[in-house]
Amino acid sequence: MIKKEVTFYQRIWAEESSPECLWIRDWTPRYYGLFEREELAEDRVTPQTSSGPLGGRVTEKPGQREGSRGSEVQKKSSPWGKKLSEIRKRQKPMRLYVCLEDLTAKFYRPCILDVKLGVRTYDDDASPEKKLRHQEKVRNTTSGKYGVRLSGMQVYMRREGDYLFRDKYHGRTLKREGLVTSFRDFFDNGDGLRRDVVSRCKSKLECLKSFVDAQRLFYFYSSSLLIVYEGDEEVTKPSVDVRMIDFAHTQPSFDRSDPGCSLGVSTLVKILDEILEEC
């Protein structure tokens with residue numbers, strides 16, 4: 001559990017939340033509160049409170065809800081699942097966890113793109129050493145000039161019946177041209193570009209940009225943008241979702257805008273425009 005991220009979600013999802021915060025609810029996962037887990041190996045979840053979805057009641061395991069076929073496909077196909085499980089076994093048990101909406105639950109074949117937003121990826125509490133590491137990483141990647149960096153993606157390849165994966169290390173090697181190519185690959189299932197999905201994502205990003213440009217509440221340092229769409233074209237009314245995630249380093253901006261986040265969203269809109277114009 002990361003205190004700053006919890007504070008952010010509690011502020012956004014509080015019943016008495018200010019009107020200025022309400023727009024963010026449409027662009028973040030729903031917050032269900034905190035829950036306790038006695039042992040990492042156990043399936044039982046103990047809710048911290050009993051006050052409904054915003055208060056933290058949890059009566060089932062995340063990812064085990066009825067109809068969450070998208071999560072099951074991801075877990076079976078992702079090469080990171082086993083590695084993540086091994087890492088968790090080595091970690092010291094944590095008692096409190098943040099419970100958030102599973103953004104892939106409504107998808108059967110979820111295609112997922114994770115991009116880091118902004119030109120600064122640390123908060124004011126970071127040590128001098130950490131600041132230097134992050135500044136160098138930003139300087140040497142597309143984050144520095146364009147405010148966006150590929151953190152990972154999976155796209156369902158229809159003919160193979162499996163996923164194409166790219167990780168954050170691949171993203172760190174990209175220049176702008178490679179970033180555009182990776183985005184184009186994300187919207188191509190092997191049978192051609194999903195223009196309908198690109199257009200819908202672009203519209204959502206333009207809407208998000210208007211909110212990000214206008215807000216004066218937060219610096220979204222090291223936050224990410226998650227784009228999810230349905231990879232199975234035979235699914236009736238396939239969904240497209242765009243959300244902001246990762247708020248562990250978000251901090252108050254004291255009535256100032258966040259130009260780094262705005263730059264990143266603007267870059268994404270421009271890239272999708274270029275992809276649509278090419279085809």
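Modeller: Start with the contacts in the protein chain: among those with a separation of 6 or more, 75% link residues 24 or more positions apart. Contact means heavy atoms within 4.5 Å. This is a predicted model, where local features need pLDDT of at least 70 and side-chain atom pairs count only at pLDDT 80 or more, while totals for chains, interfaces and linings use all residues. Residues are numbered from 1 along each chain as its sequence is written, and side-chain values use heavy atoms, leaving out hydrogens and water.

Biologist: What puts the buried residues on the same side of H1?

Modeller: In H1 (residues 3–13), Glu-5, Val-6, Phe-8, Tyr-9, Ile-12 and Trp-13 are buried, that is, under 20% relative accessible area with a 1.4 Å probe, protein chains only. They cover an arc of only 160° around the axis, so they sit on the same side of H1. The arc is taken from the directions from the helix axis to the C-beta atoms.

Biologist: Which elements do the buried residues of H1 pack against?

Modeller: Helix H2 (19–25) and strands S1 (31–36), S3 (96–100) and S7 (218–219).

Biologist: Why is H9 called roughly antiparallel to H10?

Modeller: The axes of H9 (residues 195–214) and H10 (residues 259–278) come within 9 Å and cross at roughly 155°. Angles over 145 degrees count as roughly antiparallel, and that makes H9 roughly antiparallel to H10. Their contact residues divide into eleven nonpolar, three polar and six charged.

Conventions:
Buried means under 20% relative accessible area, exposed over 50%, partly exposed in between (1.4 Å probe, protein chains only). Helices (H or I, at least four residues) and strands (E, at least two) are DSSP runs, numbered from the N terminus. Axes are lines fitted to C-alpha atoms, for helices over the stretch in contact, and angles run from 0 to 180 degrees between N-to-C directions. Angles under 35 degrees count as roughly parallel, over 145 as roughly antiparallel, 65 to 115 as roughly perpendicular and the rest as oblique. Ala, Val, Leu, Ile, Met, Phe, Trp, Tyr, Cys and Pro count as nonpolar, Asp, Glu, Lys and Arg as charged, and the others, Gly among them, as polar.
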